Amino acid sequence: MSQFAQTTQQVLQEMTSSAQGLSLTEVEKRRETYGPNRLASPPPPSLLSLFLNQFKDFIIYILLFAIVFSLIIGEYVDSIIILAILLLNGGIGFFQELSANRSLNALKKMTRIEATVLRNNTQQTIPAEQLVPGDIILLENGAKVPADARLISTVSLQVEESALTGESLPTNKKDCVLPEQTQLGDQTNMAFASTTVVAGRGTAVVTATGMQTEIGKISKLIQETEEGLTPLQRRLERFGQRLGLVIIAICTIILITLAVRQTLSGIPITSTYLLEMGFITISLAVAAVPTALPAVVTISLAVGVKRLLNKRCLVRRLASVESLGSCDIICSDKTGTLTKNEMTIVRAWSLSGDSTVSGDGYSPEGKIEGNADPLLFEIGLLCNNAHLKEVDDRWQISGDPTEGALLVSGRKARTNTDYKRLGELPFDSTRKCMSVLIDKSGPLVVYSKGAPDAILTRCTHILLDGKTLALSAKLRQEVLTTYDKYAAQAMRVLAMAYKQVDSTDNFSEDALIFVGLQAMIDPPRADVIESIKRADKAHIRSIMITGDYPKTAQAIATTIGIRGNLLTGEEMDKLSDKELSQALRHNTNIFARVIPEHKLRIVKSLQAMGHVVAMTGDGVNDAPALKQADIGVAVGSGTDVAKEAADFILLNDSFTHIVDAVEEGRGIYDNIQKSIMLLLSGNLGEVLIIFIAVISGMNLPLTAVLLLWINMITDGAPALAYSIDPYSRNIMQRPPIPLAEGILPKPRLLLLFFLGIVGTIIALTLFSNSGGASSNGEQLAYGRTMVFCFIVLYEMLLVFIIRRHYRVALFSNPLLWLAVILTFGLQGLILYTPLAPLFQVVPLGLADFKLLGLGGLFFCGGYLLYAIGQSILARPIAKEFNSL
């Protein structure tokens, strides 16, 4: 039987303990049995494993094979160049992730939690790590609960559990016996590790430590949750695998063709011939593989990381940045993420009228407009034990958040606080009210606040414009009707009452005069409503998942613009996985009274339906779902457990930056896609040129060194410049990229194939007309130079053709223009300096450049024909690209 379903005596017997605490000998025995009271954490990755993780990519595997094969056939320059590229790419990713991990460690709280414990009937303070099950602990206002414990005795004890349950209001705790099926958030006789005492005091017996606590179970769930690949990683993996198969197929066809041709000609296949075939194979492999792609992707993501950091979003996993661009569902915790986690008075009511209270959070700046009796705010401020202070330009309260809200509304009303308190009747769950005796330099006054029904039963009169009226049944009903109206809007409502007494002996809570009501909410963040509208326009579905009550969840969701059906955790337990998926398909967007397992189940169900899910949150209870989600986003003020599980950390807790990050992710994906289009179009042309040349018996139009130069410099420089390209103006008005879609959808591939074929025809025509197809020596070098220069030209034309489809202004990226100018400059350096013999090229004259220019015009003409053809088919290319 659970401890919360047992009496105090039964729990003490089960734990073999007593109200006087354990003996030191027993403590040592239990420490050996249960170990220290701390959470087990996985060891951090070693620097070597962090570095090696950067090379887990199929395209990189192909390049590693190319390095080995180059070494075997003696192409040492090629192998060194490819290896240097891979090491540069790995270094960028390694240092980015290392920096993110160090930043996370800097965010962790380093304070040591201590516990007050009874041992041998002696009170002592010890590090919380030294607690064992059966210890008797003392809980005081402001203390962190150091372990899970069953309460033995309490005095007005209230515990703030939002980090664990998601509920913003503190929970009243007491010694009682609860039903066995009681949910975690309703276990009022238990105190849980990681929660905070905000009022009162209590004594409890420790029932679980370390990994056996509720927070420990959540930590275990996190460790058991495997991290999946991001959408980009999945697409690149599929792309790399298909590219590898294409390369193998092309190489196999060529090798078979050459071997058959050699055999039919009666010429024996010698080692020299095999070496030549190997040279052709490695040339094809180098031509087919977009060598610069790993570096381009890594640098694009790193640029995105820097942009996100400028927007106060810390990235922990580099590869997760682009996942934001594919995100189509954001699952968000309510407390502290959608709301401020700051209870705020918004309405006040008395018989004389009602008032609205403006202001932001716990700041005392604000206005009270309306006719509610000012005495309401005086009672709320003086019948109060909370404290308000400003820390680093931010107002904070210590004590009960509800009392903090009353304190702030009293300050807004400019209430006089220069009165002396002579006595107090503290709040308890039986009376449901609190009263103080105030000396107002004249008559003594009793001020009371509490639950409306509890206060009403103690009142005989009601205040109206300074006059006292008998509290008739009609007036009592008017109070209750107003209370119900506020409660229906998920507001927490407290009633205020008073009476004058002659002496301290008459301090009591009977025959009170009812004054009115103050209603409060945990308000939404100011920017959340607009952020959810932006998400809607971007075709992103917002789902609220909270541990709070259904009415509160529904009211907040309605206020911020989340529409849909509501499902509670208890209702979820009755649903099969198939029924839950059905509910999610039928617009269930609000979940209330959930526990961590529910959150995890929701995320898994959405992922099984093919969605890319972002989960935001700050509490311990969010951590398993944060890790399971495709994109886990923790807030900076949240728990360390949540931060460890997340891919991103919002440094200033603003929900708006979630949507900003999605925009950034979409832009990064667009820029990566541009780079892939440029790299792949060049590679496709190179492969076709070599493939057709070999099949038709021509000389090789390009050497491996020239191919590497084209792939790394001609393609690489503009592709890298794409990483800082501005984003399309309509980027947040289009749907997310479908998860099943390849790295390049079919319309892009069709365009690339068409332009690749056009470029191949022009290049081989230039090669044949220059005599390079069948000649050797100078003529072959001249022919190769013409092909080499034409490919560079058509790649530069492609740079601007591709950008046109993303609606990016022509002169908006100076670095891109610099990359194009640099490419042409380096081309001239190769042709007209002593570097020419190393690349086996020759200088070209004016007539040659006229021919190349003519080839460029034909290439542009081919593109225009394609665009016109698409327009005739009523499928403009621009529309194709914008439909992403």
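**Entry 1: overall figures**

I looked up contacts first, where a contact means heavy atoms within 4.5 Å. Of the contacts in the protein with a separation of 6 or more, 73% join residues 24 or more positions apart. This is a predicted model, in which local features need pLDDT of at least 70, side-chain atom pairs count only at pLDDT 80 or more, and totals for chains, interfaces and linings use all residues. Residues are numbered from 1 along each chain as its sequence is written, and side-chain values use heavy atoms, with hydrogens and water left out.

I looked up the secondary structure next. The protein has 32 helices and 27 strands. These are DSSP runs numbered from the N terminus: helices are H or I with at least four residues, strands are E with at least two.

I then checked burial. Of the 884 residues, 57% are buried. Buried means under 20% relative accessible area, exposed over 50%, and partly exposed in between (1.4 Å probe, protein chains only). The protein exposes about 36900 Å². Carbon and sulfur atoms supply 59% of that area. Areas come from the Shrake-Rupley method with a 1.4 Å probe; for residues, only the protein chains shown count as cover.

**Entry 2: the nonpolar cores**

I asked which residues touch the most other members of the largest nonpolar core. They are M544, F648 and F788, in a core of 112 residues. Helix 24 (residues 656-695) gives the most to this core, with 16 residues. A second, separate core has 32 residues, among them Y362, C383, L407 and L494. A nonpolar core here is a set of buried Ala, Val, Leu, Ile, Met, Phe, Trp, Tyr and Cys residues joined through side-chain atoms within 4.5 Å.

I followed M544 further. Not counting residues up to four places away in sequence, M544 touches S332, K334, L338, A553, I556, A557, I560, I562, N589, I590 and F591.

K334 turned up again at T552. T552 sits in helix 18 (residues 550-560). Leaving aside neighbours within four places in sequence, T552 is in contact with K334 and A490. I also took the distance from T552 to A592. They are 40 residues apart in sequence and 8.7 Å apart in space, C-alpha to C-alpha.

I checked the length of helix 16 (residues 473-488). Its 16 residues should span 22 Å at 1.5 Å a residue, and the end C-alpha atoms are 22 Å apart, which agrees. The expected span is 1.5 Å times one less than the number of residues.

Where do the buried residues of helix 16 fall, seen down its axis? The buried residues of helix 16 are L475, V479, T482 and Y486. They fall within an arc of 65 degrees, so they line one face of the helix. The arc is that of the directions from the helix axis to the C-beta atoms. The face turned away from the buried side carries the exposed residues A473, K474 and A488. Just after helix 16, A490 takes a positive phi of about 65 degrees. A490 is one of the contacts of T552.

I ran the length check on helix 31 (residues 846-872) too. Its 27 residues should span 39 Å, and the end C-alpha atoms are 39 Å apart, which agrees. The buried residues of helix 31 include G855, G856 and G862, and also F859, Y863 and Y866.

**Entry 3: D630**

D630 lies in the loop between helix 22 (623-628) and strand 26 (631-635). Is D630 buried or exposed? D630 counts as buried, because its relative accessibility is 14%.

I looked up its polar partners. The D630 side chain makes a polar contact with the side chain of Q607 (3.3 Å). A polar atom of the D630 side chain also lies 2.8 Å from the backbone nitrogen of V613. A polar contact is a pair of N or O atoms within 3.5 Å; within protein, one must be able to donate a hydrogen and the other to accept it, and residues adjacent in sequence count only if both atoms are side-chain atoms.

R414 is not a glycine, yet its phi is positive, about 60 degrees. R414 lies in the loop between helix 14 (401-412) and strand 15 (420-425). R414 counts as exposed, at 62% relative accessibility.

K432 also has a positive phi, near 60 degrees, and is a residue other than glycine. Its place is the loop between strand 15 and strand 16 (433-439). K432 is partly exposed, at 40%.

K389 is in strand 13 (residues 387-391). K389 counts as partly exposed, at 44% relative accessibility. Leaving aside neighbours within four places in sequence, K389 is in contact with R394, W395 and Q396. The C-alpha atoms of K389 and Y362 are separated by 9.3 Å, with the two residues 27 apart along the chain. Y362 is one of the residues of the second core.
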